Amino acid sequence: TVGQPALFRHPEPRTVAAAIAALGPGSHLATDADNTLWAGDVGDEVVRRAASPPYLPWRHGDADFEWYQAEMERDYPRACQYAAEVLLRTHPDAAAPAVRSAISARVQGRKWLIEALQSAIGRGVHVWLVSASPRLSVEIGAHLFGLPGCPILAVDCLAVDPPRFAQPVPIGLGKVEAWRERGLPMPDLAL
């Protein structure tokens, strides 16, 4: 229809799997995590868990899931950063089991894609996970869904009061900036 933007069509899984299979040893692949590697958003699960009784290891009031959901529509980068702030409001060792449980309950791995990436890693392809979610939640997701040890670019909160983040923050075009900042070669394939 005239005046309407063209919709991007996601490639079929077999097309993506074939592109991954074509990568040789030493190739670089960058993949998004949330709603790509797995169906769901691991940052959402951090905030949801911290805002829900019994709250532990967080305290009541450490997170506001309703505000976060609304902020995802108003200011997506700020919402992503908020999820990383929430993680920093308790010790990571205490947060990890709660986050693992929340992700396990609500997020599903995309088995076909994970298997294609595991095969690529086995062939010597360098697979990087690039995410706008907090690092700890992406690490947990990677471990749960069979990609432990993959290098990760994710949101790192350095301080909560006032909020301070490692730069560039890998959200939107910040993902490309974070990749370049680390001096990584142009990916041969990006998902």
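**Note on a parallel sheet and a helix pair**

1. In strand β8, the bridge partner of A30 is A190. Strands, like helices, are DSSP runs numbered from the N terminus: a strand is E over at least two residues, and a helix is H or I over at least four. This is a predicted model, in which local features need pLDDT of at least 70, side-chain atom pairs count only at pLDDT 80 or more, and totals for chains, interfaces and linings use all residues. Residues are numbered from 1 along each chain as its sequence is written, and side-chain values use heavy atoms, with hydrogens and water left out.

2. Strand β1 (residues 28-32) is joined to β8 by two bridges, and the two strands run parallel. Two strands count as paired if DSSP finds at least two bridges between them. Strands of a sheet pair through backbone hydrogen bonds, either parallel or antiparallel.

3. The sheet is open and has four strands in the order β5-β4-β1-β8, with parallel pairing. Its edge strands are β5 (152-155) and β8 (189-190), each of which pairs on one side only.

4. Strand β4 pairs with β1 in the parallel sense over five bridges, and T31 stands opposite L129 in β4. Three bridges join β4 to β5, also in parallel; here V130 stands opposite L153 in β5.

5. Is strand β4 buried or exposed? Eight of the nine residues of β4 (residues 126-134) are buried, so the strand is largely enclosed by the rest of the structure. Buried means under 20% relative accessible area, exposed means over 50%, and partly exposed lies in between (1.4 Å probe, protein chains only).

6. Helix α2 (residues 42-50) and helix α4 (residues 76-88) have axes that come within 9 Å and cross at roughly 50°. That makes α2 oblique to α4. Angles under 35 degrees count as roughly parallel, over 145 as roughly antiparallel, 65 to 115 as roughly perpendicular, and the rest as oblique. The axes are lines fitted to C-alpha atoms over the stretch in contact, and angles run from 0 to 180 degrees between N-to-C directions.

7. Which residues make the contact between α2 and α4? On α2 they are G43, V46, V47 and A50; on α4 they are Y82, A83, V86 and L87. Contact means heavy atoms within 4.5 Å. By class, the contact has seven nonpolar, one polar and no charged residues. Ala, Val, Leu, Ile, Met, Phe, Trp, Tyr, Cys and Pro count as nonpolar, Asp, Glu, Lys and Arg as charged, and the others, Gly among them, as polar.

8. A159 is placed in strand β6 (residues 157-159). Leaving out residues up to four places away in sequence, A159 touches L88 and R164. The C-alpha atoms of A159 and D41 are separated by 23 Å.
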